[in-house]
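Let's take a walk through a protein structure together. Keep the 3D view open and click along as you read.

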Amino acid sequence: MPRLYSLAYLTAAQLSAPDAVRLAAKLGYDAIGVRILPVAPGGAFSPLIEDAALRKQTLTALRETGVSVFDVEIIRLGPDFDAKATRPFLETCALLKARAVLVAGDDPEPSRLAQSFAAFAEAAAPFGLTADLEFMPWTEVPNATAALHIVETAGAANGRVLVDALHFARSRTTLDDIAALPAIRISYAQICDAPAKSPATTEGLIHAARQERLLPGEGGVDLVELFARLPAALPISVEIPNVAGIAALGSEEWARRALVEARRTLARADARRQEFNSTGD
């Protein structure tokens with residue numbers, strides 16, 4: 001089965017959702033990701049929940065190009081999370097025919113966080129959506145092992161762990177931890193590269209994640225070994241925000257290079273996975 005490549009929201013955040021759809025179609029992406037709730041108050045997002053005209057334009061672009069919406073951002077699970085309040089978000093996801101919802105864990109109380117994740121997954125299930133918990137080193141879900149524990153504690157059939165190459169490299173996550181993730185618990189992964197040296201502060205980690213990611217092959221993350229340990233033909237979100245790179249090349253050329261290098265890297269990872277399978281390693 002051919003691998004699906006999705007143009008992540010952050011890779012082309014300067015574009016409106018309809019324009020991102022049309023750019024994805026032009027460059028050969030299969031899908032896009034959209035952010036319809038901000039990461040934090042005042043953060044950038046696409047107001048597809050509130051803006052009926054923008055929704056219509058986006059749906060028209062999707063229909064005319066054949067591009068789909070793969071993932072939608074972002075649900076944050078804080079101490080006061082209320083799954084009932086997410087219904088407008090989920091209804092918009094369903095209208096877009098999305099497949100996955102990116103979830104972040106912000107609650108320092110592990111049992112309550114697992115309960116909130118279970119509640120959201122239950123709310124998302126009737127809409128045909130997976131709930132994909134992304135581990136990030138500055139959140140209350142700092143690594144892959146913690147994410148898997150929460151997902152399995154929640155016990156939701158549509159609960160998933162989201163592997164972002166940057167967060168893998170910046171967290172206490174090993175290749176063995178990635179290999180231990182059950183395939184049934186992974187819907188997709190995000191690809192990018194980054195310098196080998198990690199920023200020393202939380203602020204630096206967040207800044208680099210949102211503004212300074214590198215194209216695959218330009219940094220020090222062992223992407224081939226990472227993706228060789230993930231399921232074959234796993235859908236890939238190409239998430240490579242880089243303010244300087246986009247300013248220099250323009251949104252279209254940056255997104256084009258991102259897809260070219262992602263495909264090249266994943267081809268090498270696929271070959272490496274075949275080596276594992278043939279040797280039994």
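We'll start with one arginine and then turn to the salt bridges.

Keep in mind that what you're looking at is a predicted model. Find R76 in strand β3, which covers residues 68-77. Leaving aside residues up to four places away in sequence, R76 touches V39, F81, A104, D106 and T139. One of these, V39, has its backbone oxygen 3.5 Å from a polar atom of the R76 side chain. Now look at V103: it's 27 residues from R76 in sequence, yet their C-alpha atoms are 5.9 Å apart in space.

On to the charged pairs. How many salt bridges does the structure hold? There are 16 salt bridges. In one of them, the side chains of E252 and K26 meet at 3.0 Å, N to O. This pair links distant parts of the chain: E252 sits in helix α11 and K26 in helix α1, 226 residues apart. E252 is partly exposed at 37% relative accessibility, while K26 is exposed at 57%.

Next, check out R112 and D107, whose side chains form a salt bridge at 2.6 Å, N to O. Here R112 is partly exposed at 34%, but D107 is buried at 1%.

Then there's R213 with D164, a salt bridge at 3.1 Å, N to O. R213 lies in the loop between α8 and α9 and D164 in strand β6, so the pair ties together parts that are 49 residues apart in sequence. Both R213 and D164 are buried.

Finally, look for E225, R229, R272 and E275, which are linked in a network of salt bridges.

Terms used
Residues are numbered from 1 along each chain as its sequence is written. This is a predicted model: local features need pLDDT of at least 70, side-chain atom pairs count only at pLDDT 80 or more; totals for chains, interfaces and linings use all residues. Side-chain values use heavy atoms; hydrogens and water are left out. Helices (H or I, at least four residues) and strands (E, at least two) are DSSP runs, numbered from the N terminus. Contact means heavy atoms within 4.5 Å. A polar contact is a pair of N or O atoms within 3.5 Å; within protein, one must be able to donate a hydrogen and the other to accept it, and residues adjacent in sequence count only if both atoms are side-chain atoms. A salt bridge is a side-chain nitrogen of Lys or Arg within 4 Å of a carboxyl oxygen of Asp or Glu. Buried means under 20% relative accessible area, exposed over 50%, partly exposed in between (1.4 Å probe, protein chains only).
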